Amino acid sequence: MSTEQIPSSKKRKRATKEKQHIREHALKRAKSSHDQTQPVSDGQNASAEKKALPVEKILPEPIFSEVGKQILEKKEKHAKRKVKSWRISEPIGGRFLNMKPIFTKDEKYIIVATYHSILIYSTATSLLVRSLPCNENDTICSYALSSTNETNLYMGISSGTIYLWDWVERKRLTQWHHNTPLISFIVSEPAAGEDDIIHTLERNGKSKNGTLIKSYIPIKGESIPNRVTLFKTSSNIHYFQVLLGGKIIFATSDDHFVVGTIEKESESATSKDSYRWRVVNATDPITCFDVRISTQLATSTHKKKKLKRSIPIVDLITGGAKGEILVYNNIINSLTGIEQSGQQGNSNVMPRRLHWHREAVGTVRWSLDGNYVISGGMETVLVLWQLDTNQKQMLPHLTAAIDGLTVSPSGSSYAVKLADNSIMVLSTTELMPKAHFSGIQSQFFSEKEGPELRETVNSQIQNQSDPLRIFWRLSSVLNPSNPNQLLIAVSPGQSRLESNSIRTSPFLQTFDISSSHHVSRQALARNNVTNFNIGPDHKRLVDPDVILMRMSYDGQWLATVEEWQPSRSQEDPEEDRLDLEVYLKFWLWNPEKDCWMLETRIDSPHQLSGSSFCTRILDLATSPSDIKFSTIGGDGVVRIWRPKTRYRDGRVVRGGDPKGMITWSCQYSIELEKAVEIVDADLELRSATLPIAGKLAFSGDGSVLAASQDFASSATQTLVTFIDTSVGEVKFTRAGLHASGLAALTFVKQYLVILSEALSVWDTVNDSLTYGFTFQIPPLPPHERERMAHLAGNEAEGTFAVALPVIPVDAEKPTWNLKQAFSKVMVFRPENPEPLFSSRISHVVTSLLPLPSKGYLTVDAAAEIRVLTPKTAVLPFVAQGLTMDLPLESTDAEPSTVEETEAVNGDEGMVEEEVEVESDNGKQVELLTFEDDDKPVVRAQQLTEIFDVGPSFALPPVRELFKAVVGLYGRKSRKKAVGEVRA
Amino acid sequence: MAAEVTALQPIKHPSTEFTVTPEQKYWRSFTSQLLLPSPHSSPITSIAFPPPSSTPISSALEAFVVTSGTRLQLYSTRTRKLLKTISRFGVSDTAHSGRIRRDGRVVVAGGDSGAIQAFDVNSRAILRTWNEHKQPVWVTEWHPSELTTLMSASDDTTVRLWDLPSDDSTRKFVGHQDYVRSGCFMIGQANGMVVTGSYDQTVRVWDPRIADKAAMVFKHSAAVESVLPMHEGTTLLAAAGNQVSVLDLVAARPREMLRNHQKTVTSLALASKGTRILTGALDGHVKVFDTKSWDVIAGFKYPSPILSLSVVSSGGNQEDKHLVVGLQSGLLSVRSRQSGQQKTAAKKRQKEMQALVEGKIEEYDRKQKKRARGRGWEKATRGKDYTGEGADIVIDGNSRGKLVGSRRIKWQHALFKGRYEDALDIVLAPENKNHATNANVLTLLTALHHRSALRVALSNRDEQTLQPILKWVTKHIGDPRITKITTRTATELLDIYSEHLGTSHEIDMLFKRLYDQVRNNAEIAQVCWNTRGMLQMLCGGNTGT
C-alpha cells in the first residue's frame with residue numbers, strides 16, 4: 001500500500017497545480033471578456049428562490065441583470081413577429097386505438113384509427129390508402145362502418161361528437177353532438193327501416209364513476225339527436241356489444257357482465273323500460289368477450305311468427321384476467337330458465353371452462369361457424385380451440401402480445417392486432433400472414449382502459465416501475481443516407497392490458513416518415529420472443545434495453561448500447577452493479593439482406609479499472625466526418641472506437657467478404673479529470689466519486705470532441721474537456737461553463753451549446769459566453785432530468801432546439817400527474833438569445849432529432865412524429881398518406897363497380913389524346929424521351945420508317961404494317977398507363 | 001410470421017493476443033517424443049536423411065542415419081526403431097557425418113583419422129576407404145543426383161570431390177584458411193556446385209568447372225558452423241556464431257540476418273517441403289522460421305545443447321513425419337506427427353479394441369455398418385419395404401417449433417420447455433462428456449441467469465445430482481474470463497446448500513476443494529495486485545492509474 005502512496009501524492013499535487021492553472025486561466029479569460037461566469041451562479045440562486053413560478057411560463061430568462069431587461073423587452077416584440085416564421089407539422093404515426101380493426105365488406109381494406117385520424121389500409125398491398133383526420137384538439141375514441149351504406153363511416157370523438165364520413169370520397173358528410181363524453185359506440189343494423197341505430201357507451205357526466213348506454217337513430221341534418229338512455233350503472237362498463245339491432249345488449253364491467261333483452265316483441269328498442277337487464281357475476285375481471293347468434297336462429301325466424309316470444313340462441317365467451325376462457329352456450333335461455341324455475345337453488349349459469357392462457361386473455365372470438373374459439377393474450381400465442389373435440393391448434397411466437405382479433409366477413413382471414421402497434425392479416429386456412437401494417441412502436445403513454453387487474457404478472461410490473469420512465473429518452477436516429485427513415489429502439493409491445501408498464505426495448509424499428517409506413521423490424525439484443533416469458537419467480541423476464549443508438553455519417557454503421565440487469569426483489573446496489581451487463585454493438589448495413597448485421601460486440605466497454613464492476617455508458621456520439629464513434633462511461637473515461645480490418649496470423653480474415661472482415665476496437669481511451677482524486681480508497685468511496693451523467697459532442701468537422709461530466713456532489717466544479725480526436729489527447733479543459741444537472745451538449749458552428757439546469761452558449765473561437773439563462777423546470781430528480789431534457793443542434797442551418805417536459809404534480813397526492821404532461825419546444829440561434837420559435841407539444845417529447853436539411857423532428861409519448869421547419873424551407877417530407885390519397889384499386893382486372901370501369905376508360909381516353917398531341921409535335925416529344933430515358937413515345941420518323949420504304953405498290957402486306965404500328969403504340973400506351981396509375 | 005425457434009448461441013470468449021496460431025498448433029502436433037541414449041553417451045554430431053529425389057527408388061530403405069562417437073546408427077522412419085549399427089571405426093577414431101545414399105545401399109562417413117569410409121548397408125562391409133585427407137574429415141555428402149559422386153571437407157582446409165569407383169579424389173578445392181566444418185552440394189538451379197563453411201568465417205561456393213578458385217565468397221563475423229542451400233538453389237543459409245545469415249546468390253549479398261538464438265547455431269534443416277527452416281543451437285532451442293517473412297513461428301526447448309537436427313519426411317507428398325534432434329548429452333530425441341488419416345485410423349483401432357475388451361464388439365460393428373450407410377439412408381429407404389394396404393401417403397406431423405438436430409441439443413430442448421434442472425443435469429451428465437464442453441455449460445448457465453432461473457436449476461438437488469455442478473464450478477472458478485458466471489453459481493450454491501453442510505461427506509469434501517481453489521486464486525490475485533502496485537510506482541506519473 002505504501003508503494004502506491006508516493007506516486008499518488010505526487011500526482012495529486014500535480015493535478016491540483018494543473019487545476020489551479022486552468023482555473024486561473026479561466027478566470028482571466030472570463031474577466032477580460034465579460035464577467036459572465038459570476039452571474040450564472042447568481043441566476044441560479046435566484047431561480048432556486050423563484051420555485052413557485054407557474055409551469056406554463058417557461059420563457060427563458062436572461063441572466064444578465066442589466067442587459068437582461070432590454071433584451072426581454074425587445075424579445076417580446078420580436079417574438080410575436082418571429083414565432084410565425086416556423087411551423088409545426090400535423091402529427092404522423094401514432095398509436096392504433098384499442099379497438100378491433102374493421103374489415104370492409106369486400107375485405108379489400110381494413111379500417112383502424114389513431115387518436116388523430118382514421119386510417120384505411122389495403123389488405124392486398126399493406127399500404128395506407130386513406131386517412132380521415134379529426135380536428136386538431138379532438139381525439140378519436142371509436143369508429144364503425146355504417147351497416148346500411150358501405151361507403152359511410154362513423155367517427156366518434158371522445159368529447160362527444162360523432163361524424164359521418166364517406167371514406168371512399170374522403171368527405172365529411174354530417175355530424176351529431178352529444179353533451180357527454182363518449183367512450184365508444186356501436187352501429188347496428190336496424191330490424192326494420194333504413195337507418196342505422198347507434199348505441200353509445202358514455203361516461204356519466206356527473207359522477208366520476210358510472211356509465212350510460214344510450215341509443216338513437218342518426219338522422220341527417222339533425223345535429224343534436226334525440227337519445228334514449230337504455231341502461232345506467234354506477235360501475236364502469238368497459239366493453240359492450242349489441243345484437244339484432246338492439247334487441248340484445250351485452251356489457252362487461254370489472255367483475256360482472258350484464259345482459260339486456262327486450263321483453264316485449266312489439267315495442268321498438270328505443271325506450272328504457274322495454275329492456276330487462278340481468279347481471280351475472282364473474283370470478284375474475286373480464287378482459288374481453290364475444291357473443292354470437294347461432295345458426296339455428298335462421299331456421300327459427302319462420303317460427304317467429306308463430307311463436308310470439310322466441311328468444312334467439314346466443315352463445316357468449318369471456319376471457320378473464322387469470323387466463324380462463326368461459327363459454328356460455330345459449331346464455332339467454334339458460335338465464336330465463338333459471339328465473340322461471342323460481343330462482344331457487346343455484347342461480348348461476350354453468351359455463352364451460354377453457355384454460356390454457358397463463359395470463360390475462362387479450363382477445364377471444366367466435367369463428368364464423370361457431371365451431372372454433374380463437375383466443376390470444378400475453379403469451380404471444382394464437383390459440384384455436386375446436387369446441388367439439390377439445391383440440392387446440394396454436395400459432396406460437398407472434399413476437400408481441402395479442403390485443404385484438406377480427407374475423408373477416410367471409411371468414412377467410414383474421415386481422416390480429418398485436419401489442420407492438422401493428423396489425424397482421426392471417427389467412428384462416430394456412431395461418432400465413434397476408435398483410436401487415438404497423439405504426440410507430442415506441443413506448444407509449446395512455447390512460448388506463450379496461451378492467452383493473454389484480455395479482456397478475458402485469459400488475460406486479462406496474463407496481464415496481466418508476467412512473468416517469470415512460471417519458472424517458474427514446475433511442476432513435478435518422479438514417480443519413482435516407483432521411484425519410486427513422487430508426488427507433490422499440491419494445492416487444494405494450495399490451496392494452498398492461499398499458500403503461502415499462503418494457504425494455506431490444507428491437508429496432510425502421511419507419512418511413514414520408515409514407516408513414518413501417519419498413520422493417522429486427523432484433524438488436526437478445527430477446528425472449530421464443531422463450532417462456534415468465535421466469536420461475538413468476539416475474540416477467542426482462543429483455544436487454546437498447547439505451548443509445550447512433551449512426552455513422554454515411555449510414556453504413558450503426559452503434560448501439562444495451563444494458564441488462566436481472567429483476568431483483570431485494571435492493572442491493574453492490575449486487576446490482578455486479579449483475580449489470582453492458583454491451584456496445586457495431587452493426588453494418590447489409591443491402592442484400594436488407595438488415596443490420598452485427599460485426600462487433602464489446603462486452604462491458606467501460607469496466608471500472610481494478611475491479612470487475614461494469615459501469616454504464618452515459619453517452620454515445622458519432623463523428624460527422626469520419627467513421628468513428630465515441631463513448632463516455634460511468635468510470636469517467638472517454639473512448640474513441642474505430643473500425644479496422646481483422647487479421648489473424650498477419651493475414652486478412654476474409655470470411656466470404658473479399659475486402660476482409662472488419663472489427664471495431666478502442667483507438668483512444670482518455671481519462672477525464674475526476675471530481676476528487678482518490679486513488680487509494682475503497683471501492684465504495686471510489687464509486688461515490690463516479691460521474692452520474694456524462695455527455696459528448698463532436699464538432700461539425702469532427703476534429704474536436706467535447707466531453708463533460710456531472711457528479712453527484714454538487715460542490716464539484718463542472719468541467720468541459722476538449723479532445724483532439726485525431727490523436728486522442730486532451731487539448732483544453734474549461735471550467736464553469738455550465739451549471740450542474742448536465743443534460744446535453746451539442747456543437748452548432750463554432751458554438752458549444754450546453755443544456756443543464758441552465759442553457760449556455762459558448763463561443764469557442766472568442767472563448768466567451770454568448771448567452772445563458774436558466775429554466776424553470778419542474779423539480780425532477782437529476783437522473784430523470786438528464787433522460788427527459790432534449791437538445792439537438794442543426795449544423796447545416798445553424799440553429800439548435802430544446803425540448804423540455806412539463807409534468808405537473810398533483811396537489812393532493814405527491815404523485816406526478818402524467819395525463820397533463822406536455823413538452824415545450826424552442827428553437828434558437830446560437831448568436832441570439834431570442835427563440836426563433838417556441839411551441840407546446842401536447843405530449844411529452846421523447847426524442848428530438850435534427851433533420852439533415854432544415855428543421856427538427858420530434859417523437860413523443862403518444863408515438864407521434866412532428867416536424868418543425870422554418871416556413872421558408874420546403875417541407876422535406878410529410879406523411880403523404882395524410883395529404884394525398886392513393887387511388888382505390890383502379891388497376892383491377894375485373895372492375896367490380898360501374899364507376900371503376902368508367903374511371904379506367906377515362907384513363908385510356910386520356911392516353912389516346914396524348915398520343916395524338918405528341919405525335920403532332922415532334923420537338924416536345926424529343927424532350928420527353930430524354931427525360932424518361934426510355935422510348936415511350938412514337939416519333940413521326942418512326943412512322944415514316946414504316947411507311948416510306950418505297951412506292952405504295954411495293955409496301956409490305958397490310959398485316960405487317962399493322963403489326964409494326966401496333967408495336968410502336970402498344971408498347972407506348974402500356975407504359976404510359978402504368979405511369980398514370982403511379983402518379 | 002411466427003418467429004422461428006433457434007438454437008442458443010454458444011458463448012464465445014473474446015480472442016486474446018496469446019492465441020495459438022495454426023503454425024504453432026502444427027508444430028505442437030509433433031508429439032510422442034522418443035528419447036534414445038547413445039552408447040557411452042557420446043554427443044550426436046550428425047543426423048542425415050537422404051533428400052527426396054526426383055526419381056524415387058522403390059526399394060529404397062526408409063531410414064535415417066545418426067552419427068555419434070564411433071558409431072553410425074540407422075533408424076527406420078516407419079517404426080523409429082534401430083535397424084543397423086555400423087561401428088567399424090578405430091578405437092581412437094570418431095566418426096563424423098554419416099550419410100546414406102538416396103537408394104539406401106551405401107553409407108559414407110568421415111573420421112577423426114582423416115579417412116573416408118563407404119559401407120555397404122546390408123553387409124556392413126567397407127566398400128572403400130580414402131586416406132587422402134591428412135586431418136579429421138568433418139563433412140561427407142552424396143551428390144544429389146549422381147549416385148557415385150560425393151564430396152568431403154576436412155580440417156586440412158581442403159574440399160574434395162570423389163567418385164566411388166576411383167581411388168583418388170576427382171577434384172580438390174583449395175581456398176579456405178581454416179578448418180572446413182560444414183558443406184554440401186547445391187540443389188535446384190545450381191545443381192552440382194558445392195558450398196562450404198569454414199572456421200575462417202567464410203562461406204565459399206565452389207564450381208567444379210572453375211579450377212582453383214571459389215566462385216563466391218561470403219565473409220561472416222564468426223566461424224561458420226553450418227550451411228544449408230534452399231531448394232530453388234538461389235538462396236543459402238549459413239550459421240555463423242549465434243546468427244543465421246540468409247544469402248542471396250543472385251545478388252551476391254546477404255538478404256536477412258536471423259538473430260534469434262543466444263548461443264552458437266549448430267545446425268540447420270529444411271522442413272515442410274522447403275517452406276520452413278529449423279535452426280538448432282547450443283542454447284537448447286529449436287526455432288522454426290517462415291521462409292517468406294523470416295519470422296519465428298514456433299519453437300522447441302531441449303534440455304541440452306543441440307548439435308544436430310533433421311526433419312524426416314515420408315510418404316508420397318513428403319509430409320513432415322519426425323523431428324529428430326541430436327543433443328550434446330548423447331540423447332537422440334525423435335518427435336513424430338500423425339497425419340489426419342493416420343490419426344482417424346488410430347482412433348478407430350483404439351475404439352475397436354476397447355469394444356472388444358468390453359465385449360460390445362457386435363454392437364460396435366452394427367453401429368459402424370449404420371454409419372457406413374451415411375446420413376439420410378433411412379429416410380431415403382423409408383417405406384420401401386412396405387407391402388400392405390392402407391393409407392397412400394403418410395404425412396409427417398407439423399414440424400414447426402422443432403429444434404434442429406434435437407439429439408445434439410437435448411439440454412436446449414429442456415431449457416426451452418422450462419425444465420431448467422433437467423437441462424443442467426443433461427449438460428453435466430458424465431455420459432455426455434463429449435458434448436458437455438465448457439462452452440455448453442457456460443452457455444446454459446448464462447441462459448439460466450438471463451431467465452432468472454439459475455437458482456431454480458441449482459436447488460432441490462441431492463448428494464448425487466449436486467456433485468457434477470459443484471465439480472464444474474470448482475474446476476473453472478479460476479478462469480478469469482468466466483469469473484462472473486462461476487462466482488455467481490458458486491454463491492448461489494453456497495446460499496442454497498450451506499445449511500446442509502455436514503450431512504454428506506462427499507459434498508463437504510467438494511466444498512472444501514472449492515474453498516481451496518478460491519483461496520489459491522485469491523492469493524494469485526493478491527500477487528498480481530502487488531506487482532501492479534510496484535509497476536505503478538515505476539511508471540510513476542507517465543501513465544495514469
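**Charges and a helix in a predicted model**

Q: How many residues does helix H10 of chain B have, and what is its reach from first C-alpha to last?
A: This model is predicted. Helix H10 of chain B runs over residues 483-497. At 1.5 Å a residue, a span of 21 Å is expected, and the helix comes close to that. It has 15 residues and reaches 21 Å.

Q: Which residues of H10(B) are buried?
A: Buried means under 20% relative accessible area. The residues of H10(B) in that class are B:Ile485, B:Thr486, B:Arg488, B:Thr489, B:Ala490, B:Leu493, B:Ile496 and B:Tyr497.

Q: Which helices of chain B each supply at least two residues of the positive patch?
A: The patch is formed by B:Lys343, B:Lys347, B:Lys351, B:Lys367, B:Lys370 and B:Arg371. B:Lys370 is found in helix H3 of chain B. With 47% relative accessibility, B:Lys370 counts as partly exposed. The helices asked for are H2 (340-358) and H3 (361-372).

Q: Is A:Lys628 buried or exposed?
A: A:Lys628 forms a salt bridge with A:Asp626, with the closest N and O atoms 3.8 Å apart. A:Asp626 has 25% relative accessibility, so A:Asp626 counts as partly exposed. A:Lys628 has 4% relative accessibility, so A:Lys628 counts as buried.

Q: How many residues apart in sequence are the parts tied together by A:Asp626 and A:Arg642?
A: These two residues form a salt bridge, the closest N and O atoms being 3.7 Å apart. A:Asp626 lies in the loop between strands E40 (617-622) and E41 (629-633) of chain A, and A:Arg642 lies in strand E42 of chain A. The pair therefore ties together parts separated in sequence by 16 residues.

Definitions and conventions: Residues numbered from 1 in each chain as written. Chains lettered and ligands numbered in written order. Predicted model: local features only at pLDDT ≥ 70, side-chain atom pairs only at ≥ 80, totals over all residues. Heavy atoms only, no water. Patch = residues over 30% accessible without salt bridge, like charges linked within 9 Å, V, L, I, M, F, W, Y side chains within 5 Å. Areas by Shrake-Rupley, 256 points an atom, 1.4 Å probe, with all protein chains shown as cover. Salt bridge = Lys/Arg side-chain N within 4 Å of Asp/Glu carboxyl O. Lys, Arg positive; Asp, Glu negative; His and termini not counted. Charge placed at Lys NZ, Arg CZ, Asp CG, Glu CD. Helix = DSSP H or I, 4+ residues; strand = E, 2+ residues; numbered from the N terminus. Buried < 20%, exposed > 50% of the residue type's maximum accessible area, 1.4 Å probe, protein only. Expected span 1.5 Å × (residues − 1).
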